[in-house]
Amino acid sequence: MAKSNTSPMRVIEEATGYWRAVFDYPPFNVVDGDVFQALQNLLVRMETTESLRVVVFESALPDFYLSHFDLTGRLGNVMNAIGPTGLPILMDTFVRLTKAPVVSLARIRGCVRGVSSEFVLACDMRFASRENTKLGQPELGVGLHPGSGGTERLPHLVGRGRALEIVLSANDFDGDTAERYGYVNRSLPDAELDGFVDTLARRIGSFDRRALVAAKNLVNEVSLPPFDRLLAAFTSFGTALGWPEAQNRIGTVLERGLQRNAAFEKNWPEILGSLAEAGKRVGRDDSQS
């Protein structure tokens, strides 16, 4: 399906100190090079607009917040170009978001998987729809592993055991489970999500910027993973993309409908546990033909 030439994200200035960044990249809000370019452009504005206090990231698509990395390869320069932090654009984007002198809130509805999960983990706070959230790190199911901060940020939030469950199960977690684990700050009834986040954003937006920045920096100093850990995971992820096992699994999920079929896109982690057995059956069938 062809994508629009317009930006995948629009910014709505709700108040002097409060903006909303709305992902609107149908059909599935797949994260590709254009999404990263839009985030990079917004980060410049966040870093240089002294009146800004808080940005809420949300989606115009009710079933997809941000779905996942573009597995067809439309990634632009995110894996090799270097950003202002000295890290590749993929990592640079998330590090700058976490360290920006602005508070970032993720208002989550729909599917949020892989690099998209890592994006919301880089936000300062996460609030999810109780009825409409599917959050997870499914990389292992397609022969990869998280490479954009998931393995570094999750243990600090949910603990080692639950971080391993999230990463190694490659499965979806609903809003209530995500809240219980600490994956998100709160899971709220869908009808209450907008009002709660808007009220919080306006409250934060009314505070003194210097105090906000100082408080966020102090929390960052004791809670963020070091650059070398993030870079090591990113480098390992880049290597894993070339593994033949990963290429085979990625090819299989794309053939089955990923990034093309809405029903499959909503639920594809459900079939990841059967990919290896499906491959064995295909191999047996080929040998018998």
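These legends describe close-up views of a predicted model.

**View 1. The largest nonpolar core.** This core has 68 residues. Phe23, Met46, Phe57, Tyr65 and Phe119 have the most contacts inside it. Helix 1, residues 33–48, gives the most to this core: seven residues.

**View 2. Strand 5 and its burial.** Strand 5 covers residues 103–113. How many of its residues are buried? The count is 11 of the 11. Buried here means under 20% relative accessible area. Strand 5 is therefore largely enclosed by the rest of the structure.

**View 3. Strand 3 beside strand 5.** Strand 3 spans residues 54–59. Four bridges join it to strand 5, and the two run parallel. Look for Val55: it stands opposite Ser104 in strand 5.

View 4. Strand 4, residues 64–66, pairs with strand 5 in the parallel sense. Two bridges link this pair. Phe64 stands opposite Cys111 in strand 5. Between the two strands, the chain passes through helix 2, residues 89–99. This β-α-β crossover is right-handed.

View 5. Strand 6 runs from residue 125 to 136. Strand 5 and strand 6 pair over eight bridges, again in the parallel sense. Which helix does the chain cross through from strand 5 to strand 6? The path goes through helix 3, residues 115–122. This β-α-β crossover is right-handed.

Notes: Residues are numbered from 1 along each chain as its sequence is written. This is a predicted model: local features need pLDDT of at least 70, side-chain atom pairs count only at pLDDT 80 or more; totals for chains, interfaces and linings use all residues. Side-chain values use heavy atoms; hydrogens and water are left out. A nonpolar core is a set of buried Ala, Val, Leu, Ile, Met, Phe, Trp, Tyr and Cys residues joined through side-chain atoms within 4.5 Å. Buried means under 20% relative accessible area, exposed over 50%, partly exposed in between (1.4 Å probe, protein chains only). Two strands pair if DSSP finds at least two bridges between them. A crossover is right-handed if, with the strands pointing away from the viewer, the path from the first strand over the helix to the second runs clockwise.
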